[in-house]
Amino acid sequence: MKKKLSDMSLKELWQLFPIELSNSRLEWQNYYQEIESKLTDWIPKEQCLRISHIGSTAIKEIKAKNIVDVLVELSPNAVLQPIADILEEHDCIIMSASVNRISLNCGYTPDGFAEKVYHIHLRYIGDNDELYFRDYLNQFPTTAQDYEQLKEVLAVKYRNDRNRYTDEKGSFIKKVTAEAKNFYGEKYGYGKKD
């Protein structure tokens with residue numbers, strides 16, 4: 001009998017779910033549209049203010065992990081945990097949780113990745129740096145290629161260490177996001193106070 005994911009050590013999980021980059025795929029947009037439709041049905045409409053495709057699968061023509069990242073921006077009145085509970089009823093698993101953020105995944109199985117894999121990020125409206133990063137890389141392909149090259153190096157070096165892979169991209173992402181916010185201004189509510 002196979003171990004449940006919740007019974008696996010971090011090392012076992014990293015072996016089962018290694019960092020592997022794929023060439024850009026047209027179906028990623030279709031996968032996003034499928035999960036967006038489901039999330040729209042699952043989450044109470046008055047609480048869900050915006051759903052967005054983020055992460056490398058939302059950036060044109062660069063390699064990415066075959067995982068579609070989705071940002072769900074919620075009303076300031078929303079309570080995150082009940083919404084996460086709804087997603088858990090639909091086979092999502094909470095990956096991390098804090099007061100203002102909950103991240104879930106779908107498509108992780110004891111046999112490895114399913115065909116369609118998602119990371120769903122529940123946040124309050126305006127906690128959306130990823131939108132600026134995505135738009136900037138889509139508008140500036142040279143920066144996107146620099147990001148792809150960094151990811152290729154890190155994917156080899158940290159194939160079985162997702163935390164290090166993510167951490168090592170951090171300074172690049174932070175720098176580009178700051179440039180993007182300066183470039184786009186308040187496009188997604190940056191700088192606005194509720």
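Hi everyone, and thanks for coming. Please keep in mind that what we have here is a predicted model.

Let me start with strand S7, residues 112-124. On one side of the pairing story is strand S4, residues 68-74, which runs parallel to S7 and is joined to it by 7 bridges. If you want a spot to look at, leucine 74 stands opposite tyrosine 124 in S7.

S7 also pairs with strand S6, residues 101-109, and here the two run antiparallel, with 8 bridges between them. S6 and S7 make a hairpin, with 2 residues between the strands. Along that pairing, tyrosine 108 faces phenylalanine 113 in S7.

How many disulfides does a search of the whole structure find? The search gives 1. That disulfide joins cysteine 92 to cysteine 106, with an S to S distance of 2.2 Å. For those of you who like torsions, the link is right-handed, with 70 degrees about the S-S bond. Cysteine 92 sits in the loop between helix H3 (80-88) and strand S5 (93-97), while cysteine 106 belongs to strand S6, so the pair ties together parts that are 14 residues apart in sequence.

Are these two buried or exposed? Cysteine 92 is buried, at 4% relative accessible area, and cysteine 106 is buried too, at 9%.

And then there is cysteine 48, which is in no disulfide. The nearest cysteine sulfur to it, that of cysteine 92, is 14 Å away. Cysteine 48 is buried as well, with a relative accessible area of 16%.

Definitions and conventions
Residues numbered from 1 in each chain as written. Predicted model: local features only at pLDDT ≥ 70, side-chain atom pairs only at ≥ 80, totals over all residues. Heavy atoms only, no water. Pairing = 2+ DSSP bridges. Helix = DSSP H or I, 4+ residues; strand = E, 2+ residues; numbered from the N terminus. Disulfide = S-S within 2.5 Å. Buried < 20%, exposed > 50% of the residue type's maximum accessible area, 1.4 Å probe, protein only.
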